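Colleague: Could you help me learn to read aromatic rings in a model? I'd like the general idea, then the case at hand.

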Amino acid sequence: MKYVSTRGSQPARLSEAICQGSAPGGGLFIPQSLPRMTLEDLGPDLSLAGLAERLLGPFFEDDALEAHLPSLCAGAFDFPVPLTIPDPARPGLRALELFHGPTGAFKDFGTRFLMGALDHLGAEDDPFTVLVATSGDTGGAAAQAAEGRKGVRLAVLYPEGRVSRFQEHQLTCWNDPVRAYRVSGDFDACQALVKQAFADETLVRRFRLTSANSINIVRLLPQMVYLADAALKAWRASGTVPGLIIPSGNLGHGLAALYARSMGLPIGPVVIATNANATLHEWNQTGVYRPRPSVATLANAMDIGTPSNFERLDHLASDQRAISVELVDDDAIRARIRNDFERTGYIWCPHSAIAAEAWHRLPEAAREQRVWIAAATAHPYKFADIVEPLIGQAIEPSTPLKAVIDRPSRVDELAANSGALANALAAAFPYTQAAAGHV
């Protein structure tokens, strides 16, 4: 398997694509072709980790990491992923609960897989420096996955005033080799800093920069696994091909659904559910892709006006990228959380509520035609300051979330310019003897 840039480049091996993060010229790595799977290859007795090995195996073929794939899958896919029915009166809607991992968000799968891969490829005297721009969940998951590792070190950039109180604590409570930076700007400013850093070849070589955002192909690919697992279970139970509803801001999660469908998994229509950041919705309605500054919403992890994975979407064949996009504003988020709790006692986080609302907006015939799987992307406790006033009661944190509450925080302030980021990296991550040889 080889990987090419969305903007044209020589093909690269998977390990090369992982280490570089983004592709030369500012593009994104994509598989040269998507493998096809048969459902006979994906039997019902496979564990989640076993399914991950089968699905991801072709992407690792003949790569330096191929021998490590079983351990990477075992380390990343080791907690439950329930497929529940939030409302017994409406069994056609299933919630895929992706928030039972160590940081209570779906990013736990991809980030732990990626950090494990980088740890194998790096070394204590020659580590990678991972840059991650986060609008909430990615940074916390990457930090938890990086803590204590020797082959990687991590710099987390998050927007000042744009994450929940618990999210901020979860971004800033980790030990070496993790450093957190509060950026004076929005998520797009954070993402722009990361892109500027990767465009600086001297900086890239000096720190062996790579990315933990979904611009890194091996952060994105593992997200196919739990979507495939849920689709297979729903298909086997119902006899019909399910639809997926994916809350998505930067479009990595949505793209993982499209990759899985293109590989032959039983996945029908894919609905991308967004908040009031209208870039993807406008493109879906008009065919015009027009990035714009992000706007703050209750679903802050999706506050993205320039979804970087659109480049990958644009490189799919027209039948592969067939999606619909539903825009859900803050008033609708509040109403969905409140109404569903009053009806059933089920609690959505703001992002998951967007998916639930998108299901309710489907035509009745479409809802009744098949099972629909809504990705429940984060534990509602992470957004207790939003959700608790809507439901009128306190939310209990999960056991993993309880474990971080009393950890001390440490954070540095960062101006939204590339010079400030370069200085911060130099102060936090001094040269090693081996790393100096990259300059």
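Colleague: How many aromatic pairs does a search of the whole structure find?

Modeller: The search finds 8 aromatic pairs. Rings of Phe, Tyr and Trp (its six-membered ring) pair if their centres lie within 6.5 Å; planes under 30 degrees apart are stacked, over 60 edge-to-face, and the rest tilted. Please keep in mind that this is a predicted model, where local features need pLDDT of at least 70, side-chain atom pairs count only at pLDDT 80 or more, and totals for chains, interfaces and linings use all residues. Residues are numbered from 1 along each chain as its sequence is written, and side-chain values use heavy atoms, with hydrogens and water left out.

Colleague: How is a pair of aromatic rings described?

Modeller: By the distance of the centres and the angle of the planes. Take Phe166 and Tyr381: at 5.2 Å centre to centre and 75° between the planes, they are edge-to-face.

Colleague: Are Phe166 and Tyr381 buried or exposed?

Modeller: Both are buried, meaning under 20% relative accessible area with a 1.4 Å probe, protein chains only (exposed is over 50%, partly exposed in between).

Colleague: Why is the pair of Trp283 and Phe310 edge-to-face?

Modeller: Because the ring centres of Trp283 and Phe310 are 5.3 Å apart and the planes stand at 85°. Trp283 and Phe310 are buried too.

Colleague: Which residues do ring pairs link into a cluster?

Modeller: Phe77, Phe79, Phe109 and Tyr226.

Colleague: And what lies over the face of Phe128?

Modeller: A charge sits over a ring if NZ of Lys or CZ of Arg is within 6 Å of the ring centre and within 35 degrees of the ring normal. Here Arg208 lies over Phe128, 4.0 Å from the ring centre.
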